[in-house]
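Here is a short report on side-chain contacts: charged pairs, aromatic pairs, and charges over rings. Keep the structure open while reading.

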Amino acid sequence: MTTTTPPATPPADRIVETTHRVTINGVEISYTATAGVIIMKEEVEKDGVSSGEQARAGIFFVAYTRDGVTDLSRRPITFAFNGGPGSSSVWLHFGMFGPQRVLMSDEGWPLPPPGRFVPNQYSLLDVSDLVFIDPVSTGYSRVVAGESAKQFHDFRKDIESVGDFIRLYTSRYGRWLSPKYLAGESYGTTRAAGLAGYLQERHGLYLNGLILISAVLHFQTLSFDHGNDLPYMLFLPAYTATAFYHRRLEPELQRDLVATLRAAEAFALDDYALALLQGDRLDDTGIERIATQLARYTGLSRDYIIRSHLRIRDDRFVKELLRDRQRTVGRLDSRFTGCDRDAVGETAEYDPSLAAITGPYTAALNDYVRSRLGFHSDLPYEILTERVWPWSFNDHQNRYVDVAETLRRAMHRNPALRVHVASGYYDLATPYFATRYTLSHLGLDPALRGQISESFYPAGHMMYIHEPSLAALKAVLAEFVTAAEAIGDHV
């Protein structure tokens, strides 16, 4: 007797919709939440002839659309994602944009577990519909049976897959004529800049704006490699801010944070930059002079700085600043402190700022998708996974990853494209001064420079966990999204 194996059931979309209300700025808003997985397919060609579509991966997303909108052409939509690589969109979703947010103290300190969420009066939903995207292998997004996840763990493929999802969502939900924005955080800003180019060039989808939270567009500014002195000067103001917060500076530098940062920035680009450029030709007098100034602006000892050859890596700084207190400072947010087994190591055991937020956000998300959104899955929701590593940067062999040039080209081709960059002073992952350096070296047509705006906050990489910063940032972004598009005449 012959038995036959039934054909495998092709993967299918799984979508649920629920209705909700939230109050933002004193106005009650009714909205629909759409959560689920869309199967992404790629057209298959053989000998130049299309032979159908092949399912590759399922992308998990959560969308919020305001009810009662009759003219979608006047209703903006914002596609949001975090970075990593390997991060889900949970941080922007539950920390900043979504209609519910994780409850923290006003300063951003975690409350005792388990975490919980509350209505988000600072949500962007009052001015824009929202779509939160989890790239492949993060959240509930997975490849389909028979496909390799590794193919998506790639700089170029990541941009293409997220961009193709945005194109598909835009088509299915009738949003081609809506003003469209991308919001990315950290590596998500790298992705966003890459998407600005990809969406234009591949799908003819032109964006109205990019929201870049804690941006990194050129990795040379962050990579502490031998022969690359750029990060040492660009991280310095963030070291200064951290020392200011922990009161490790001289009294005259503890009076006004912004004034102190301006002084540190001037030193970084002048005397310090010139000293680094001299390398081993800098004489002993010069070394002593620069070390004295570095000690003044970092709170570290002159002896430690001299032994570091005037070059202070971020991973060493977080261990050294409060070594005498047997404490480390956070990388994502240097306001946080941690405690290692001992105080003699070179680097910290863990990032206390990441440890503080992981638990509350994980608990809130896992409850929320089931109890509020009605989406059920027995898969682990990958909040921040290492499953994507090693990440491939094949497009950038033997050079630093650089999407700043992609952004420049996108803005020249689409002069209406506006960019807002938000940075935290206490961010040691993507320091604000490194971002400013990159923006000042874009090579934009002078007529377009006004299309880029910046804002700064007394918090870290995820400045929105600090409620005063969240409130201020919401006001800035609401104005950014609703501002009239003044394209003007650009050459």
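Glu265 and Arg262 are 3 residues apart in helix H5, about one helical turn. Helices (H or I, at least four residues) and strands (E, at least two) are DSSP runs, numbered from the N terminus. This is a predicted model: local features need pLDDT of at least 70, side-chain atom pairs count only at pLDDT 80 or more, and totals for chains, interfaces and linings use all residues. Residues are numbered from 1 along each chain as its sequence is written, and side-chain values use heavy atoms, with hydrogens and water left out.

**Salt bridges**

Glu265 and Arg262 form a salt bridge. The term covers a side-chain nitrogen of Lys or Arg within 4 Å of a carboxyl oxygen of Asp or Glu. By this rule the count comes to 29 salt bridges. Three of them are tabulated here.

| Pair | Closest N and O atoms |
|---|---|
| Glu265 and Arg262 | 2.7 Å |
| Arg302 and Glu288 | 2.0 Å |

How exposed are the partners? Glu265 is buried at 9%.

Arg302 lies in helix H7 (residues 302–307) and Glu288 in helix H6, so the pair ties together parts 14 residues apart in sequence. Arg302 is partly exposed, with a relative accessible area of 35%. Glu288 is partly exposed too, at 36%.

Arg296 is buried at 18% relative accessible area. Glu252 is partly exposed at 46%.

Salt bridges also link up. Glu42, Arg56, Glu147 and Lys157 are joined in a network of them.

**Aromatic pairs**

A pair of aromatic rings is described by the distance of the centres and the angle of the planes. Rings of Phe, Tyr and Trp (its six-membered ring) pair if their centres lie within 6.5 Å; planes under 30 degrees apart count as stacked, over 60 as edge-to-face and the rest as tilted. The structure holds 33 aromatic pairs. One of them joins Phe94 and Tyr368: the centres are 4.9 Å apart and the planes at 90 degrees, so the pair is edge-to-face. Phe94 lies in helix H1 (residues 90–97) and Tyr368 in helix H9 (residues 352–371), so parts 274 residues apart in sequence are tied together. Both residues, Phe94 and Tyr368, are buried.

Tyr181 and Phe480 are edge-to-face as well, at 5.9 Å centre to centre and 65 degrees between the planes. Tyr181 belongs to strand E9 (residues 180–186) and Phe480 to helix H12 (residues 467–482), so the pair ties together parts 299 residues apart in sequence. Tyr181 and Phe480 are both buried.

Phe61, Phe79, Phe165, Tyr169 and Tyr173 make up one aromatic cluster.

**Charges over rings**

Which ring does Arg418 lie over? Arg418 lies over the face of Phe480, 4.4 Å from the ring centre. A charge sits over a ring if NZ of Lys or CZ of Arg is within 6 Å of the ring centre and within 35 degrees of the ring normal. Arg296 has such a contact: its charged end sits over the ring of Tyr297, 5.6 Å from the centre.

Conventions. Buried means under 20% relative accessible area, exposed over 50%, partly exposed in between (1.4 Å probe, protein chains only).
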